[in-house]
Amino acid sequence: MVSISHIVEDLVKHRPYLSESLADGIINVSSLARQLQPSVEKILMREVNTGAIVMALNRLAPCFQMQKQLQLTTLLGNMGDIILRSNLCDYTFKNSPTLLDCHIEVLKNLSKNDEIFYTMVQGVFETNLVISATMEHWVAEFFRNEICLFEQRGLSSVTLKLPKGNSVQAGFYYMIMKELSWEGINLTEVISSTNEFTVVVDNALIDKTFVVLKNIGKNEDYIK
């Protein structure tokens, strides 16, 4: 038989902001219990006392706090090198049968220069390209017949080397994005691979972005 505790735990787990606030003790448990009450009663198909939900939430808080400390602290504390790149351009092109050939032509001219920043992400309807501004003339030449939906200059990037296990840890990327959001940092692009995480921002925000990402594993909220 499904218990009130199991239902409450499932409801909270599917709301990341809620579980984090509960773990930090900054949420009114009684108000939350009243908010969850209709959902709990619907699942159990009977009336439920608010006090029972409050008790379930109070039992959950220490569990969420422990999970947050043990799992995320370990990963966030093992961040690798941080790499900064400046003087970047960002393009978005509409997908076409010839678009891949354009990328190939640009890549041919990059093969002898390891210092050039180049990332390409193909979506369903459009493809994004972030490249060093020194290669801007090649983009203009080889993509001249493609439809450019967006372009922006004066950008920089910060790349984080991620610890192993990041891809199986729920909430890992959320914690990084939350820190950037709290500091009011607007992200032009987010580029991710298995063990690297790159954010592209306006040049004016690069110093602030670097400080946030550099200190993310040292935040006392994760190590206390």
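Lysine 178 is buried, because its relative accessible area is 14%, and a residue under 20% counts as buried. Its side chain meets that of glutamate 179 in a salt bridge, with 4.0 Å from N to O. Glutamate 179 is buried as well, with a relative accessible area of 15%. These values come from a predicted model.

**The chain as a whole**

- The chain contains 9 helices and 6 strands.
- Of its 224 residues, 40% are buried.
- The accessible surface of the chain is about 13000 Å², and carbon and sulfur atoms account for 54% of that surface.
- Among contacts in the chain with a separation of 6 or more, 74% are between residues 24 or more positions apart.

**Salt bridges**

- The structure has 4 salt bridges, one of which is the pair of lysine 178 and glutamate 179 described above.
- Another salt bridge joins the side chains of arginine 153 and glutamate 151, at 2.7 Å from N to O.
- Arginine 153 counts as partly exposed, with 42% relative accessibility, and glutamate 151 is also partly exposed, with a relative accessible area of 40%.
- Glu151 and Arg153 belong to a network of salt bridges that also includes Glu136.
- The side chains of glutamate 105 and lysine 108 form a further salt bridge, at 3.4 Å from N to O.
- Both glutamate 105 and lysine 108 lie in helix 5, where they are 3 residues apart, or about one turn of the helix.
- Glutamate 105 has 30% relative accessibility and so counts as partly exposed, whereas lysine 108 has 53% and counts as exposed.

**Helix 5 and its two sides**

- Helix 5 comprises 12 residues, 99-110; at 1.5 Å a residue it should span 16 Å, and the 17 Å between its end C-alpha atoms agrees with this expectation.
- The buried residues of this helix are Leu99, Cys102, His103, Val106 and Leu110.
- On the face of helix 5 turned away from the buried side are the exposed residues Leu100 and Lys108.

**A nonpolar surface patch**

- Leu100, Ile104 and Met120 together make a nonpolar surface patch of about 250 Å².
- Methionine 120 is located in strand 2.
- With 33% relative accessibility, methionine 120 counts as partly exposed, since that value falls between the limits of 20% and 50%.

**Helix 8 and leucine 213**

- Ile206, Thr209, Val212 and Leu213 are the buried residues of helix 8.
- They are placed on the same side of helix 8, because the arc they cover around the axis is only 130°.
- Strand 1, strand 4 (148-161), helix 7 (172-182) and strand 6 (196-202) are included in what covers these residues.
- Leucine 213 lies within this helix, which runs over residues 206-215, and it counts as buried at 2% relative accessibility.
- When residues up to four places away in sequence are not counted, leucine 213 touches Ile82, Val158, Leu160, Ile176, Leu180 and Val199.
- Leucine 213 and threonine 159 are 54 residues apart in sequence, while their C-alpha atoms are 9.2 Å apart in space.

**Glycine 123 in a loop**

- Glycine 123 is found in the loop between strand 2 and strand 3.
- This glycine is partly exposed, with a relative accessible area of 35%.
- Glycine 123 and asparagine 95 are 28 residues apart along the chain, and 8.1 Å separates their C-alpha atoms.

How values were computed. Residues numbered from 1 in each chain as written. Predicted model: local features only at pLDDT ≥ 70, side-chain atom pairs only at ≥ 80, totals over all residues. Heavy atoms only, no water. Helix = DSSP H or I, 4+ residues; strand = E, 2+ residues; numbered from the N terminus. Expected span 1.5 Å × (residues − 1). Buried < 20%, exposed > 50% of the residue type's maximum accessible area, 1.4 Å probe, protein only. Patch = residues over 30% accessible without salt bridge, like charges linked within 9 Å, V, L, I, M, F, W, Y side chains within 5 Å. Areas by Shrake-Rupley, 256 points an atom, 1.4 Å probe, with all protein chains shown as cover. Contact = heavy atoms within 4.5 Å. Arc of directions from axis to C-beta.
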